[in-house]
Amino acid sequence: MMADILAHKHIILGITGGIAAYKAATLCSRLVQAGATVDVVMTEAAQQFITPLTFQALTHRRIYHDIFDIPDGENIPHISLADQADLLIIAPATTNTLAKLANGLADNLLTTIALATPAPILVAPAMETDMWQHPATQSNMAKLEQWGVTLAGPAEGRLASGAVGRGRMVEPEEILDMARLRLAQAGDLAGCNLVVTAGGTRETIDPVRFISNHSTGKMGYAIAHAARDRGAKVTLISTASLSVPIGVALIPVDSAQQMRDAVMDVVRLADVLIMSAAVADFRPATVAEQKIKKKADSSIGMSIDLVRTPDILADVATYKNQMAQNGDVVCPKVTIGFAAESENLLTNAEGKLKRKNLDMIAANNISASDAGFGVDTNRVTLLMADGKKEELPLMSKRSVAEIILDKVMGLLH
Ligand code: C5P
């Protein structure tokens, strides 16, 4: 099981001289909270905006700024730091520092480390809009991106000058997420194309009403997040409006039919499909064009005719069979379903595992208040196609996601 990908990573946080340097303190604190070892390297100009003491207090480590400040018995900082780093983040990155990086200059400790390190580099530019848009900056950025430097922002918004435009440093949380995405490229699911569905489908009755269920999408988003952090290329097909992890491709859908179409569209290139969405089994036979009005006589009941929705997993199974019969490469290689049940949990889940031709099904009893819909925890039993069964205790949805992905790894190899 994996923790936050930032845990135990060695991050060099480079801070250059822009007013957004004050936000670097929050970024530094979040990195430390995520379990990373953070070494801060500041330029001279950065120290005009924020003191090294702030970062020393946050990291409990010495702060580096002078290339020639080498305590007795220590290695030259630009060599030792550069070698140890898993990632170099420069936030904020001024136009000046970006220009130096793009031209291979090494006139201070930070730019020297940037040249010396084999670690990936993530930059979060922060500057006035005119400086960002200047052809010199744009061509420097293009060069850096071509060299594999990851770019976070800049965002549009209010700048320190009071003007509004592109140039704001992106918020620390976004930089943190970009850092995870960058580090994930070395994860165990790197190169894996994973599709996950999330949320409850909405089946329209009339322009204001629909039939749905209590699913919030939290389990599917936890899977998307965890898979992204392990390096997978993730497509999330979702009815929910939760925040989408950076790097995850979202396909928003509403109904079971839309979800089916989206799944069938992307599954052809997928290695793994995880259907965690609660898909409606029935939809109204017709959709009223206008809002359905109450009957004047309240004793007369209302009824809605329902018809079956497509069974997405059954359609995927048919598609896989056709691929196999044609002698084609079968996609997705691994198919996983969920069974949300209020009774006869394991018997029902076993039936679905076989009927839908799944490699694994995660069965959860939705009658418990601490597991299933809406909450951040879940208690599932994993049933494998080969008959193996694993009952997991109550744990966070993220932990359930990690265990499911561990099984995916096993099934893929
Ligand atoms: O048969 P049941 O709907 O209970 O099976 C649950 C599993 O099947 C879930 O993985 C769900 O996402 C998927 N499903 C589906 N198409 C449907 C209904 C459910 O793929 N129409």
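Rings of Phe, Tyr and Trp (its six-membered ring) pair if their centres lie within 6.5 Å, and planes under 30 degrees apart count as stacked, over 60 as edge-to-face and the rest as tilted. By this rule, the count of aromatic pairs is zero. The model here is predicted, with local features needing pLDDT of at least 70 and side-chain atom pairs counting only at pLDDT 80 or more, while totals for chains, interfaces and linings use all residues. Residues are numbered from 1 along each chain as its sequence is written, and side-chain values use heavy atoms, leaving out hydrogens and water.

Rings do turn up next to charges, though. A charge sits over a ring if NZ of Lys or CZ of Arg is within 6 Å of the ring centre and within 35 degrees of the ring normal. The charged end of Arg202 is placed this way over Phe210, 5.8 Å from the ring centre, and that of Arg308 sits over the ring of Phe282 at 5.7 Å from its centre.

Six residues from domain 1 and eight residues from domain 2 make the contact, where contact means heavy atoms within 4.5 Å. Between them, about 550 Å² is buried, 63% of it from carbon and sulfur atoms; buried area is the accessible area (1.4 Å probe) that two parts lose on being put together, summed over both. On the domain 1 side, Asp177, Leu181 and Ala184 lose the most area to domain 2, together 75% of what that side buries.

Then there is an open sheet of eight strands with mixed pairing, in the order β12-β11-β8-β13-β16-β17-β19-β20. Helices (H or I, at least four residues) and strands (E, at least two) are DSSP runs, numbered from the N terminus, and two strands pair if DSSP finds at least two bridges between them. At the edges are β12 (249-252) and β20 (389-391), each pairing on one side only. Strands β8 (residues 193-198) and β13 (residues 272-275) run parallel, joined by four bridges, with Val196 opposite Ile274 of β13.

Most residues other than glycine have a negative phi, and most peptide bonds are trans. Asn344, not a glycine, has a positive phi of about 45 degrees and is found in the loop between β16 and α13. The peptide bond joining Ala91 and Pro92 is cis, with omega about -5 degrees, and Pro92 lies in strand β3 (residues 87-93).
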